[in-house]
Amino acid sequence: MQPFSILMRWWAVAALLISALMLAAAHWFESQGLPPCPLCLRQREVYWAALTIAGPAVAWTLISRAKGTPRLAAFCLFAIFAIGTVTATFHAGGEQGWWDLPATCMGSTESINAGDILASLDAPATMPSCGDIAWSWLGLSMATWNALISLLLTGCSLVAAMRPRDAQVPRLYREP
């Protein structure tokens, strides 16, 4: 069996691992002093959604001893990663000035009045602007890299969803 065929058969496992790595990378960048903007947080939601689909799909595959990722799960992952591609592309285009970003993405320095909760929380809150490129590698911003990775994940999910049906029949329900 070819490596690509194995990857497509076990796509839920790959999607689970890649989504976890993307979230870990995002949180690592945040721990290094790069706070997320509102669109960055939206892009993270895509990977959380992918985890909620891929996790049960992997469990189902292992419990039922199926020959791979259920096609419905692969199609759901396709839809999730397609949304991620659109969101990241919108963010990257806004960074490049190709279109205007929403007003909620332009950053804020207004103070949050938390005096009713704890007086010590009354401090200026800064939200980075979605239009600013905080980090880039090889000339591509973090949002652009995310768009490219999401596009690759979208394509792989679609290919996994289109696998032959006979690869999906779990042994649990086969007649002897």
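Gln43 is buried, at a relative accessible area of 5%. Buried here means under 20% relative accessible area, exposed means over 50%, and partly exposed falls in between (1.4 Å probe, protein chains only). The model is predicted: local features need pLDDT of at least 70, side-chain atom pairs count only at pLDDT 80 or more, and totals for chains, interfaces and linings use all residues. Residues are numbered from 1 along each chain as its sequence is written, and side-chain values use heavy atoms, with hydrogens and water left out.

Stay with Gln43. This residue sits in helix H3. Helices are DSSP runs of H or I with at least four residues, numbered from the N terminus. What surrounds Gln43, beyond its neighbours within four places in sequence? Thr87, Ala88, His91, Ala143 and Asn146 are in contact with Gln43. Contact means heavy atoms within 4.5 Å.

One of these partners also makes a polar contact: the side chains of Gln43 and Asn146 meet at 2.5 Å. A polar contact is a pair of N or O atoms within 3.5 Å; within protein, one must be able to donate a hydrogen and the other to accept it, and residues adjacent in sequence count only if both atoms are side-chain atoms.

Now move to Asn146. It is found in helix H5, residues 142-161. Is Asn146 buried or exposed? At 9% relative accessibility, Asn146 counts as buried. Its side chain makes a polar contact with the side chain of Tyr47, at 2.5 Å. Leaving out residues up to four places away in sequence, Asn146 touches Met22, Gln43, Tyr47 and Ala88.

Next comes the packing of two helices. H2 covers residues 11-31 and H3 covers residues 38-64. They pack at an angle of about 145 degrees, with their axes 8 Å apart. The axes are lines fitted to C-alpha atoms, for helices over the stretch in contact, and angles run from 0 to 180 degrees between N-to-C directions. The crossing of H2 and H3 is left-handed: the near helix is turned anticlockwise from the far one by less than a right angle.

Which residues make the contact? From H2 they include Ala12, Leu16, Met22, Ala26 and Glu30. From H3 they include Arg44, Tyr47, Trp48, Leu51 and Val58. The residues of this contact divide into 15 nonpolar, three polar and two charged. Ala, Val, Leu, Ile, Met, Phe, Trp, Tyr, Cys and Pro count as nonpolar, Asp, Glu, Lys and Arg as charged, and the others, Gly among them, as polar.

Ala26 of H2 is buried, at 16% relative accessibility. The C-alpha atoms of Ala26 and Cys40 are separated by 8.7 Å, and the two residues are 14 apart along the chain.

Charge pairing is the last topic. Side chains of opposite charge can pair when their charged atoms come close. A salt bridge needs a side-chain nitrogen of Lys or Arg within 4 Å of a carboxyl oxygen of Asp or Glu. By this rule the count is two.

Glu30 pairs with Arg44, the closest N and O atoms being 2.9 Å apart. Glu30 is partly exposed, at 35% relative accessibility. Arg44 is buried, at 10%.

Arg42 forms a salt bridge with Glu45, with the closest N and O atoms 2.7 Å apart. Both lie in H3, three residues apart, about one turn of the helix. Arg42 is partly exposed, at 46% relative accessible area. Glu45 is partly exposed, at 41% relative accessibility.
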